[in-house]
Every structure is written in structure tokens, then in C-alpha cells.
Amino acid sequence: MNGLRGMATGLAILALACVADGCSSSGANSLLLYNGQHPQLTSALVAAFEKQTGIKVRLHTGNGIVLADQLLQEGKHSPADVYLTENSPELVTLDEHGLLASTDSSTLDESPKHGGSGNWTGIALRINVLAYDPSLVAHAALPTSILQLAQPQWKGKVAIAPTDSDFVPLVGGVIATYGKTVAKNWLAGLKRNAHLYQDDEAVVAAVNRGDVATGVINNYYWFRLRLEVGAGEMHSKLYYFPNGDVGGLENVSGVAVLAAGTHRRNAEKFVNFLVSKAGQEIIASGDAFEYPVRQEVKPNPSLPPLSSLEPALLEPAELGNDQSAARLIQESGLA
């Protein structure tokens, strides 16, 4: 079974939802966006873009992997004009299948993070981290590598969300860094050691409640929880893996114009807006807690400066298309 499709559940339901929501490509001064980003952030970006340009953006929102699989099935008949997602592997997959249009060179110049083919561009960055409860595990006892979480001493002390779309690129990072055999053994260790949750939100909430000592998440989930419950209710902290360990993988959220789209000019304007100073300032504000790709735009002041961290920096081509990662997750019994 195709690894990506194996992780993409509920496709038929989403396809029907798209029909029900009126996901058509009609209207000259419009575009249809398949959105795999957080709805709150995308809504803010869309509202600003519509106000600036007068172009109407119709939204079809869902899990980024599921939407990528839907685009693979729709192929050249897809009604979508733009695809926005949280992680680069979905974009690599679509690019490999020839479903992305060339990104305007002026747009690529605005972002230092984009696919090597020039068919998509990065708009925001996130870092994989470990949330931990200092009452259950001391900072000095935390692992220097994410691979250590598969060791026996971590049994029952770690939480993961293996079916969350953010976990798949992390597995891809382990494969790219150490190879499939190491990744397979690591997942087997996590199968023995880890408490399993549906998504990263549930993981960080469990750690914050004291249900489990540590949890593998993307950094912004911790900050979003703090915004929701208040600083006084945060009983957990964040740990950034040192020395460029793959546990601190830098994830690229990206966007692409779709080759099948019928509103190419509008789509190009939208992609350009996302990497413009105005778009990047929206990403840096509010409750997104992602790092803008434009260095002159300062991130949310709650975030530690990216320059103070030591993330693992893998090119999108190195990270790949999620196929091997999704397959290993399934074979491990975690999904």
C-alpha cells in the first residue's frame, strides 16, 4: 500500500465535504485554496489578502497529508488553485507527480526556504521539541538525542502522536540522518516505551497535566496551550535538542500554485502575498507561534530566537516525500 495513502484516512468524507462546501473553481476574481495549515492562521492571511486585492479565496481545509492524497487522486482534474501545508514532504510528493506549477522567480527570491525545483516556496518554520514535566524528569536527565527515547529507561515516560501529520516528517528526518534500519529500531523502541495520543495537542496537554514525563511535539503547540490556559497553568517546559540532533528538526510550511488550477494569476498573487512583508508579519503575530521565513520580520516575542537554537537542517529533497516514513510507522504497529 502507498505509504502516504495509508496515513491519509477519511479521504472520501473530505471529498464529499468539498462538494458540500462548494469547492468549485468558478469566478474569475477568485481562487480555491486547499489548506493544510492551521485554520486560524490561514483565515487571518486570507482576510488580509482579500482586503488588499479584492480576490475571493474559497477554502477547503483538512489534514495536509489527506489533502495531498486528494490532489494525487484528482490529478489534472483538480479544482484547486493553491495548496498550503504545514510540512514539506507533501509538497515534494506533489512535485514528483508533476502537479505543481513553477513559482514566479520574484516570489522565490522573497523566501530562503523552497523546493529545489522552484515549484513551491516556504512561508514559515517550526522546530520539533520535547515537552517535559520538571516534577517528573530533571532537565539534566533529558536525552541529548531523540533516539535515546527508544531505550529501556524511557519506558512509560514518553508520549507521541504517531498518526499526526507532524510526526511523519520527524521519522523521515531519522531515516535521512541514520537510515531505515536505525529508524525501524527506533520506532520499535517507541512502540514499547510510548503512550500514544491522537495528535500533538493531546500530547502536550498530557505532559502539562503530569500524566507522562515527556512528549514529542512541534514547538508551537506548547505556546498555543499556554495562550489557552494561561502561563500560571503551565506545569511543563520545552526542551530543544542540542547539537543539531534530528529530534530538533526544522519543519518548513510551504505553498504552491497547482498546475491544474484555472486561476493562475490570482494564485500567484496569493503565494506572493504569503512571503511578502505583510503576509510574514501576520504569521509572526497572533497565535500562530511559527517563525517567519523572512529574516527581517521578527517572530512572536514569546519564541526563543531561531539563532539561539540548534535545529537539524535538512533540505526538502533530503527529507523526502513521506512514503518511507509512513510505511515504517505502519509496519511498526504505531498506526
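Residues are numbered from 1 along each chain as its sequence is written. Because the model is predicted, local features need pLDDT of at least 70 and side-chain atom pairs count only at pLDDT 80 or more, while totals for chains, interfaces and linings use all residues; side-chain values use heavy atoms, without hydrogens and water.

In soluble globular proteins, nonpolar side chains tend to be buried together. A nonpolar core is a set of buried Ala, Val, Leu, Ile, Met, Phe, Trp, Tyr and Cys residues joined through side-chain atoms within 4.5 Å. Buried means under 20% relative accessible area, exposed over 50%, and partly exposed in between (1.4 Å probe, protein chains only). The largest nonpolar core has 40 residues. Tyr83, Leu94 and Ile217 have the most contacts inside it. Elements giving two or more residues to this core include strand 1 (30-36), helix 4 (64-74), helix 5 (88-96) and helix 10 (219-229). Helices (H or I, at least four residues) and strands (E, at least two) are DSSP runs, numbered from the N terminus. Helix 10 gives the most to this core, with five residues. A second, separate core has 36 residues, among them Leu142, Val168, Val174 and Ala312.

Leu94 was examined next. Contact means heavy atoms within 4.5 Å. Neighbours within four places in sequence aside, Leu94 is in contact with Ala68, Leu71, Leu72, Tyr83, Leu99 and Leu100.

Rolling a probe the size of a water molecule over the atoms shows where empty space is left. A cavity is a set of points, on a 1 Å grid over the protein atoms alone, where a 1.4 Å probe fits but cannot get out. The whole structure holds four cavities of 30 Å³ or more.

In helix 12 (277-284), the residues Gly279, Gln280, Ile282, Ile283 and Ala284 are buried. Their cover includes helix 3 (39-53), strand 4 (121-132), helix 11 (264-275) and strand 10. Just after helix 12, Gly286 takes a positive phi of about 70°.

Two residues other than glycine also have positive phi. Phe289 has phi near 55° and lies in the loop between helix 12 and strand 10 (291-292). Phe289 is buried, because its relative accessibility is 5%. Asn243 has phi near 60° and lies in the loop between strand 8 (237-239) and strand 9 (250-257). Asn243 is exposed, because its relative accessible area is 67%.

Terms used:
1 Å grid on protein atoms, 1.4 Å probe; cavity = no way out; pocket = protein on both sides within 12 Å on 5 of 7 lines; lining within 4 Å. Points joined across faces, edges and corners; volume = space filled by probe spheres on them.
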